[in-house]
Structures are given as C-alpha cells and as structure tokens.
Amino acid sequence: MHSAISLSLSSPSPITARSHAGPTNDVFFGNNSAPNQLRFCGLRREAFAGCKSSGNAVVVKQLRRDLKISASLSGNGASAKGFDYDLVIIGAGVGGHGAALHAVEKGLKTAIIEGDVVGGTCVNRGCVPSKALLAVSGRMRELQNEHHMKSFGLQVAAAGYDRQGVADHAENLATKIRNNLTNSMKSLGVDILTGVGTVVGPQKVKHGIVGGSETVITAKDIIIATGSVPFVPKGIEVDGKTVITSDHALKLETVPEWIVIVGSGYIGLEFSDVYTALGSEVTFVEALDQLMPGFDPEIGKLAQRVLINPRKTDYHTGVFASKITPAKDGKPVRIELIDAKTKEPKDTLEVDAALIATGRAPFTQGLGLENINVETQRGFIPVDECMRVIDSKGKLVPHVYCIGDANGKMMLAHAASAQGISVVEQVTGKDHVLNHLSIPAACFTHPEISMVGLTEPQAREKAEKEGFEIGIAKTSFKANTKALAENEGEGIAKLIYRPDTGEILGVHIFGMHAADLIHEASNAIALGTRIQDIKYAVHAHPTLSEVIDELFKSAKVKNEVSSPVAEPVAV
C-alpha cells in the first residue's frame with residue numbers, strides 16, 4: 001500500500017508515527033535521508049558510487065572490483081566456508097522475496113524466514129488485494145456513469161454488485177500471488193524457513209516458535225526485511241468491525257452507509273474510491289489544513305476537484321480524531337475531533353464505521369537487535385545509504401542489513417525490493433547505491449495519481465539553497481488522442497526541471513493510467529538522462545505515452561548540448 005511522500009531537504013530527521021490521527025504520510029523518505037545533492041543511480045546496474053567501510057566511517061567513492069560471482073539459476077549454491085548460508089533474510093515480503101531471488105541468481109546459498117505468510121503486507125494485506133477492490137470500483141464507477149456510457153453509444157442497465165463476490169476476488173488474487181511468490185523461491189532452491197526470526201549474535205539467527213522449538217543457523221550476511229503494520233494513534237479503539245484498519249477493510253466484510261476515513265494519503269484515497277463506488281458516503285478527517293498533503297500541491301488541488309468534490313465525500317481539515325469509540329449496544333461509532341493546533345474540541349461525529357488510514361509503523365520488535373547493540377529510532381532500524389545497519393554508537397554492524405519499511409527510508413513495496421537487490425549486489429562484490437528519488441509512487445484511484453522525484457515546493461527549496469532556477473512544464477490529457485477516444489481527458493502531467501542543465505527534478509501525473517506512465521520519467525532520473533536527450537525519443541501514436549512525450553518536448557532547456565552526468569550521490 002502506498003501513501004504520500006514526505007522528503008526533507010535539510011538535515012536528517014526521523015519520521016515518527018503520529019500521536020494523533022493526523023496527516024497520512026505512510027510512504028517516507030525517512031530517518032536516514034540527507035539529500036544535499038540529488039543525482040543519479042540505476043536500480044539494477046552497477047552504480048558509479050559504491051559503499052566502502054573505512055574504520056568506522058562510511059565513504060562513497062568510485063570503485064571498480066574484479067570480483068566475479070558465478071550465477072546459479074538451477075539451484076541454491078554452496079554456502080561460504082564455515083556458514084550454513086551465504087545469506088539469511090528475515091521476512092518474506094516483497095522486499096525479502098526480491099532479495100532472495102537476486103541472491104540465488106548471484107550464486108548465493110539463501111534462506112528466508114517467514115513468521116506469518118509469504119508475501120508480507122503487500123501481497124496479503126496491502127497492494128495486491130487493494131488493487132482487486134479498485135478494479136471493481138473502477139468498473140462500477142464507469143457502469144454507473146450514464147452520461148459516460150451514452151457518449152460511447154452504449155446503453156447499460158443499472159449496475160449492481162455482490163459484496164462477497166467482490167471480497168472473494170480480492171482474497172483469491174492475494175492467494176494466487178502468494179503462491180506464485182512461494183513457488184518462485186522454491187523452484188530456485190531458496191530454503192523457506194518458518195517461524196519467528198531473531199538475530200542472536202554476529203552472523204547468527206534463530207528461527208522457530210517463541211518458547212518452543214527453535215533452530216540456530218549461521219550466515220555470512222543477514223538482511224532484516226520485517227516490514228510494517230498499520231499505525232493506530234492513541235485514543236482510537238479498533239474492534240475490527242466498525243473501527244478498522246486497512247487490514248480489516250481489505251476483507252470487505254461490510255459496506256457501511258457512512259464511513260469516516262482518518263487520513264487523506266494514498267491509503268485513504270484508494271479506500272474512498274472503493275467505498276464511494278460501492279455506495280458509501282465518506283468523510284475525511286485530516287490533521288493538516290489541506291487534503292492530500294504529501295502530493296504536489298497543484299496535483300492535489302486537481303485531484304480534489306475530480307476525486308472528492310463531485311462524489312459523496314466531505315471532509316474536516318485541521319483537526320485530530322482524539323478519540324474514536326466503536327459501535328456498541330445499538331450506538332454508532334463516535335468520533336471526537338479537536339483542533340490540530342489549539343487542541344480545543346471542534347466537533348463530534350456519529351457514523352457507521354471508521355477506517356484508520358494514518359500510515360504504518362515499522363515491525364521491528366522481537367528481532368534481537370539488542371544482541372548486536374542496535375537501538376531503533378522511533379521504531380525504525382537505523383541504516384546508512386547502503387542499507388547497512390548502524391549500532392547505538394554510530395558504528396556499522398558487520399554483515400547486517402535492513403531493507404524496506406523497517407528502515408523507514410521509503411515505505412513502498414517496490415522500494416524494499418530495490419533495496420534488497422542493491423544489498424545483494426554489495427555482498428557479491430559490486431558497488432551499488434540506490435537513489436530513492438528515482439523510485440516512483442502511485443495512487444490507484446480513478447483517475448490515477450503518480451509521482452517521482454521532488455514536488456514543486458521541494459524543488460524550489462533545493463534551488464534556493466543551491467543557487468539555480470527551476471522550470472515547470474505541463475501537458476494535458478485533453479490534448480491526447482487516446483485519452484479522448486476513451487472519453488478520459490481529465491488530467492495533467494507536470495515536469496519540474498533545471499533549465500540550465502536539463503536535469504529532471506520531478507514528474508507528477510494525474511490522469512488515466514498515470515501509474516503506468518510514470519516509469520519513463522523514473523527511469524530517466526535513474527539513468528541520468530537529460531531532457532535534451534529524452535525529448536527525441538519516439539512514442540507510438542496514438543498512445544497515452546504521448547502525454548509524457550509532449551511534456552519533455554515542451555520543456556525549455558537553455559543548453560541543448562547534453563552535459564556529462566555528475567557522480568551520483570546516495571539518497
């Protein structure tokens with residue numbers, strides 16, 4: 001599951017779980033980000049900048065190594081001498097799965113420990129089942145739009161749905177993807193170990209049932225990939241029926257007539273899309289003064305005009321949900337609102353249900369971090385730019401890495417996978433640093449929202465500090481043939497760039513298939529491609545990709561000669 005991006009351009013600052021039902025920022029550039037310079041690095045290529053330990057200091061410099069690792073695609077390789085495994089991964093979510101497959105490809109004998117079910121949050125309680133529900137909501141929304149259907153010359157009878165059938169679709173999809181992930185690891189020879197994984201000492205991990213049978217194994221390297229859980233602020237009582245988190249909502253056990261969604265980030269917006277399509281009235285409760293606080297402001301305003309204002313949706317901004325009591329004994333759910341600044345009482349709502357979409361908290365308890373002298377920072381495991389774990393004295397813990405939601409750098413499933421692949425590159429002798437500003441994010445509403453890189457305010461802040469100007473280019477879906485053929489002309493694409501160098505700082509899209517369109521921009525950032533080069537790329541006609549083609553062509557770059565890509569800096 002996704003949510004809005006929060007990025008600091010100044011000093012490193014941990015991202016905290018909020019004490020009240022506040023703004024939703026459940027995707028983070030978090031506790032170790034200090035992007036003083038923002039450059040380029042591919043996700044699966046050997047990086048220009050590597051990670052090397054020099055004493056207790058971490059230095060990033062250009063390196064080349066002659067070490068060659070032979071891949072073994074037919075089975076799990078032989079482990080390093082003196083160890084049971086080359087690599088042990090604690091947590092079999094998308095991040096752990098990506099790391100495991102890449103490790104076997106590199107010839108490492110690999111084991112993965114899963115205490116719940118393979119696939120983690122994304123597959124079982126997040127990205128995957130939510131997309132099944134959103135697929136239903138998209139079709140319902142189209143069939144219910146009589147004007148839209150008539151514009152195609154189509155006549156459709158009143159659309160209805162079977163709640164249990166919709167819920168079964170989500171569950172069946174999660175089961176299918178979970179089985180696919182499990183089978184892919186088994187087929188490559190990854191050892192899947194069940195039970196709780198705990199670090200018991202340097203290069204030692206135990207797994208099994210707490211208080212029961214446990215087994216200690218050794219590994220040359222360890223990756224912690226334990227993910228996150230829904231964050232529930234104080235004062236909110238979750239009963240799983242009328243006051244729920246996203247974990248419960250994905251089961252779709254009920255479709256309430258009136259539901260309050262606390263938090264207007266990606267999670268809240270996606271569930272609002274589902275509930276309103278299925279007939280619910282939705283009320284947002286947001287702590288900040290505007291909805292969708294993590295989005296680029298211009299995109300957020302347009303999204304509000306399309307996704308919220310015309311639908312059965314209202315909102316309260318600048319307030320906290322200080323107390324939420326579940327429905328009981330015939331009484332409705334009761335929500336007490338207070339002013340976010342003064343903490344004075346503002347209002348009381350009585351509704352059928354409440355969904356808590358205030359972000360996610362890292363799942364890092366019970367990992368045995370004390371055995372390697374590691375202290376979490378507000379729940380997150382501290383790491384450097386190479387995902388290497390840092391102990392309480394600021395020193396690197398040898399051979400221990402942390403990826404995904406547990407480190408708080410960027411709480412997205414595909415970011416976790418990219419981090420895991422980056423770690424495997426490092427332990428097999430390659431120098432690889434991941435630039436998180438090249439990782440896209442998407443919100444699968446109808447229409448969709450996507451982004452990569454900096455928002456306009458973030459870019460202006462960076463430009464002011466570093467002494468350069470920024471340029472803004474925009475294109476509309478209303479000018480795109482394919483979008484008009486689909487009667488989906490609502491939407492824009494926005495490019496933020498440096499006119500002096502052609503560097504792409506950020507791209508934001510609101511419109512049909514925005515989540516698919518963003519990758520041309522994210523790959524350009526990752527590879528260091530300048531506008532003066534990418535604007536000559538050819539796009540098939542008529543396609544939605546021409547929205548991005550026109551976006552790059554409309555940018556005004558002063559220097560038409562492509563300048564060399566600077567040395568990348570990890571973010």
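**Helix H13 and its cover**

I looked up what covers the buried residues of H13, and the list includes strand E24 (448–453), strand E27 (504–511), helix H14 (531–534) and helix H15 (546–553). Contact here means heavy atoms within 4.5 Å. Helices (H or I, at least four residues) and strands (E, at least two) are DSSP runs, numbered from the N terminus. In H13 (residues 519–527), the buried residues are Ala521, Ser522, Ala524, Ile525 and Ala526. I took buried as under 20% relative accessible area, exposed as over 50%, and partly exposed as in between (1.4 Å probe, protein chains only). Just after H13, I found Gly528 with a positive phi of about 75°.

**Ground rules**

I am working on a predicted model, where local features need pLDDT of at least 70 and side-chain atom pairs count only at pLDDT 80 or more, while totals for chains, interfaces and linings use all residues. Residues are numbered from 1 along each chain as its sequence is written, and side-chain values use heavy atoms, with hydrogens and water left out.

**Cores**

Next I checked the largest nonpolar core, which has 50 residues. Such a core is a set of buried Ala, Val, Leu, Ile, Met, Phe, Trp, Tyr and Cys residues joined through side-chain atoms within 4.5 Å. Val88, Ile89, Ile223, Ile381 and Val389 have the most contacts inside this largest core. A second, separate core has 48 residues, including Leu133, Leu252, Val274 and Ala303.

**Rings**

I got two aromatic pairs for the structure. Rings of Phe, Tyr and Trp (its six-membered ring) pair if their centres lie within 6.5 Å; planes under 30 degrees apart count as stacked, over 60 as edge-to-face and the rest as tilted. Tyr266 and Phe295 are a stacked pair, 4.9 Å centre to centre with 25° between the planes. Tyr266 sits in helix H7 (residues 266–277) and Phe295 in the loop between strand E14 (281–286) and helix H8 (297–308), so this pair ties together parts 29 residues apart in sequence. Tyr266 and Phe295 are both buried.

I also looked for charges over rings (NZ of Lys or CZ of Arg within 6 Å of the ring centre and within 35 degrees of the ring normal). Lys109 lies over the face of Tyr85, 5.2 Å from the ring centre. The charged end of Arg498 is over the ring of Phe468, at 3.9 Å from its centre.

**Lys234**

Last, I checked Lys234, in the loop between strand E11 (228–230) and strand E12 (243–245). Its relative accessibility is 69%, so Lys234 counts as exposed.
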